[in-house]
Structures are given as C-alpha cells and as structure tokens.
Amino acid sequence: MIPDEPIGPGLGDGLPGGGARRTPRRSAPQPRYVLTEETPVYVISVAAELSGLHPQTLRQYDRLGLVCPDRTAGRGRRYSARDIQQLREVQRLSQDEGINLAGIKRIIELENQVTALQSRIAELADSLEGAATALQQREATIHASYRRDLVPYQPPTPHSSALVVWRPKR
C-alpha cells in the first residue's frame, strides 16, 4: 500500500484521521477572464492600504487625473496593480523629489506619450520588415523569370585589343 502524499503544506491538518486526504482529479474550470496587472480588482480601502496612502488622497489624485481607476456600475473606484504602482510613484515623486502635483501630472503624461510612441515605432518597424520581405520575394520571382540564354552586355574596355568572333550555330 502506497501512503497518501500530502497535497500541500498544512492541507491535511485538522482532518479526521490526522492525515492528508486526496481529492479526486477534475479538469480545472476555464477562467472567464485572465487577471493581469491591468485588471481592476482593488476597492479604494485596499488600494489605500497597499499604496500606503489615505483613501482621501486617492480620491484627490483621481480628481486631479494623476491616477484614474476604473469604475463599477455603481460608480465605485476599482484599482489595478498598475494603478497602485503608479500611486506609489506619485507619492515618491512628491515626497522624495519635491515635485508638485501639476509637475507629476505632466511627467505622467510625457511617460504615457513616450510609451505610445515606442509602441508605434515597433508597429512601423514590423510593417517595414514585412514590406522588405515582400520586396525581396518579388525581386526573387523576377530574377527567376530571366531567360538563361541571354548574356548581359559588357562594354569593351578602352585598352583592350581583343577580337571576338561570333558564328551562329547551324
């Protein structure tokens, strides 16, 4: 008899019999959505706790447009992990660097503009690479269509005294 393997630390603790219990394997349900750092999941109190700021400060930053969380149907704020990271950056710029909120807003706008421009450059580079590949393929097709019995003309060199005799095949 093979002993039961624990499923994880502490999962079998407190069960009758004192040992770990195996759960039958089932296929995991497919998630309806994928959680990313852009997914708004934190209410204002949790976001305030995670960022180390007062909830009223978060409301003020929202009014000023420094950090704009998503809204629920009831108009409640929902912050994402990226919003919390941005809240921390606003606080750092304000306290450590001594930048006023208008300056911070301008910095954020410029950073967003740089990010958008970098994304556009990447799109254009991909487009250019695709166009260059298509051009090379068209050029290869044209070269493949050349007649092989034709020889390109080469002008004679000025100091050459060579004589070329050509006789057609009969």
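The buried residues of α2 pack against α1, β1, β2, α3 and α4, where contact denotes heavy atoms within 4.5 Å and buried denotes under 20% relative accessible area, with exposed over 50% and partly exposed in between (1.4 Å probe, protein chains only). The model is predicted, so that local features need pLDDT of at least 70 and side-chain atom pairs count only at pLDDT 80 or more, while totals for chains, interfaces and linings use all residues. Residues are numbered from 1 along each chain as its sequence is written, and side-chain values use heavy atoms, with hydrogens and water left out.

The protein contains 4 helices and 2 strands, arranged from the N terminus in the order α-α-β-β-α-α. These elements are DSSP runs numbered from the N terminus (helices: H or I, at least four residues; strands: E, at least two). Of the 170 residues, 14% are buried. The accessible surface comes to about 14,700 Å², of which carbon and sulfur atoms account for 55%; areas were computed by the Shrake-Rupley method with a 1.4 Å probe, and for residues only the protein chains shown count as cover. Among contacts between residues at least 6 apart in sequence, 46% join residues at least 24 apart.

In α2, the buried residues are L58, Y61 and D62. They lie on the same side of α2, because they cover an arc of only 100 degrees around the axis, the arc being that of the directions from the helix axis to the C-beta atoms. A corresponding arrangement is found in α1, where I44, A47, A48 and S51 are buried. These residues also cover an arc of only 100 degrees and therefore share one side of α1. Their cover includes α2, β2 and α3.

Leaving aside neighbours within four places in sequence, L66 contacts Y61, Q86, V90, L101, I104, K105 and I108.

The structure holds 8 salt bridges, each defined as a side-chain nitrogen of Lys or Arg within 4 Å of a carboxyl oxygen of Asp or Glu. D62 takes part in a salt bridge with R77, the closest N and O atoms being 2.7 Å apart. This pair links distant parts of the chain, D62 in helix α2 and R77 in strand β2, 15 residues apart; both D62 and R77 are buried. The side chain of D62 also meets that of R71 in a salt bridge (2.8 Å, N to O), and R71 is partly exposed at a relative accessible area of 34%. Within helix α4, E109 and R106 lie 3 residues apart, about one turn of the helix, and their side chains form a salt bridge (3.6 Å, N to O).

In the loop between β1 (70–71) and β2 (77–78) lies R75, whose phi is near 70 degrees, a positive value in a residue other than glycine. R75 is exposed, with a relative accessible area of 55%.
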